[in-house]
Amino acid sequence: MDDDKQPLILRSSAQFKALGHPLRHRMVNLLRQRPATLGELTTALGSTKGTVGYHVRVLREAGLVRLASTRQVRGGTEHRFELVSTGFRLDEAGGAAFLFDAALAEMSPAPAADPGHTVLRHLWLTPGQARALAERLETLRPDHHEAADLATEPYGLLLSLYRADIPRLPPEDVPAPDARSPEPPTR
């Protein structure tokens, strides 16, 4: 399989720092759609060419973006940039907080008529069921983010399957280890 088809494992502080800036995070989302020039990124982001150029350089130095192609245009050279991989994964040592912060930063405020769709649910699973669910969720990850028609809007989906720190109550018919049987009332 090609290297760019494999997710890039994010390990370095430079990678996290590069993705932690809101404008660079938005650039990555644009480049998931297709390779783009500085001019195209500038227009899509509503920014300046100098600002976009700086942030592309930070992404390149972190190893997240590469030069895809160049061509001569009106006496100058046009650079087209692309992501080095179709997706990113976090090193097992950490990074979940980074993902949550990134998701929070890109969430648009919900209109008053729409309460939003962010909920927290808990599932009670065996370790085997948790592995099977994680594998199933991985198959839902699209390999290519196509530019959708103008009638659609982008939605983020942050999935995290983690062992939750939720205490358990014993079954109702089993007394708790510290429970003492009530003494009969005295008369």
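**View 1. Helices α3 and α4 are roughly perpendicular to each other in this predicted model****.** The axes of α3 (residues 38-45) and α4 (residues 49-61) cross at roughly 110° and come within 9 Å. That is why the pair counts as roughly perpendicular, a label for angles of 65 to 115 degrees, with under 35 being roughly parallel, over 145 roughly antiparallel and the rest oblique. Axes here are lines fitted to C-alpha atoms, for helices over the stretch in contact, and angles run from 0 to 180 degrees between N-to-C directions. On the α3 side, look for L38, G39, L41, T42 and L45; they meet K49, V52, G53 and V56 of α4, where contact means heavy atoms within 4.5 Å. Five of the residues in the contact of α3 with α4 are nonpolar, three are polar and one is charged. In this sorting, Ala, Val, Leu, Ile, Met, Phe, Trp, Tyr, Cys and Pro are nonpolar, Asp, Glu, Lys and Arg are charged, and the others, Gly among them, are polar.

**View 2. Helix α2 meets α3 in a right-handed crossing****.** Here the axes of α2 and α3 cross at roughly 115° and come within 11 Å. From α2 come L23, R26, M27, L30 and L31, and from α3 come L41, A44 and L45. The contact of α2 with α3 has seven nonpolar residues, no polar ones and one charged.

**View 3. Helices α1 and α2 pack at about 90°****.** The axes of α1 (residues 13-20) and α2 (residues 22-31) lie 5 Å apart. The angle therefore makes α1 roughly perpendicular to α2. K17, A18, L19 and G20 of α1 touch P22, R24, H25 and V28 of α2. Sorted by type, the residues in the contact of α1 with α2 are four nonpolar, two polar and two charged.

**View 4. Three strands form an open sheet in the order β2-β4-β3****.** Pairing in the sheet is antiparallel, and β2 and β3 are the edge strands, each pairing on one side only. Helices (H or I, at least four residues) and strands (E, at least two) are DSSP runs, numbered from the N terminus; two strands pair if DSSP finds at least two bridges between them. Two bridges join β2 (residues 36-37) to β4 (residues 76-83), and A36 stands opposite F81 in β4.

**View 5. Strands β3 and β4 form a hairpin with two residues between them****.** Eight bridges link β3 (residues 65-73) with β4 in the antiparallel sense. T70 faces H79 in β4, while V73 stands opposite G76 in β4. In the turn, R74 has a positive phi of about 45°.

**View 6. Confidence is highest in α4 and lowest in α5****.** The mean is 95 in α4 and 66 in α5 (residues 96-106), using pLDDT, the predictor's confidence in each residue, from 0 to 100. The protein has a mean pLDDT of 76, and 57% of its residues reach 70 or more. Where pLDDT is low, the predicted coordinates should not be read in detail.

**Notes for all views.** Residues are numbered from 1 along each chain as its sequence is written, and side-chain values use heavy atoms, leaving out hydrogens and water. In this predicted model, local features need pLDDT of at least 70 and side-chain atom pairs count only at pLDDT 80 or more, while totals for chains, interfaces and linings use all residues.

Technical notes:
A crossing is left-handed if the near helix is turned anticlockwise from the far one by less than a right angle, and right-handed if clockwise.
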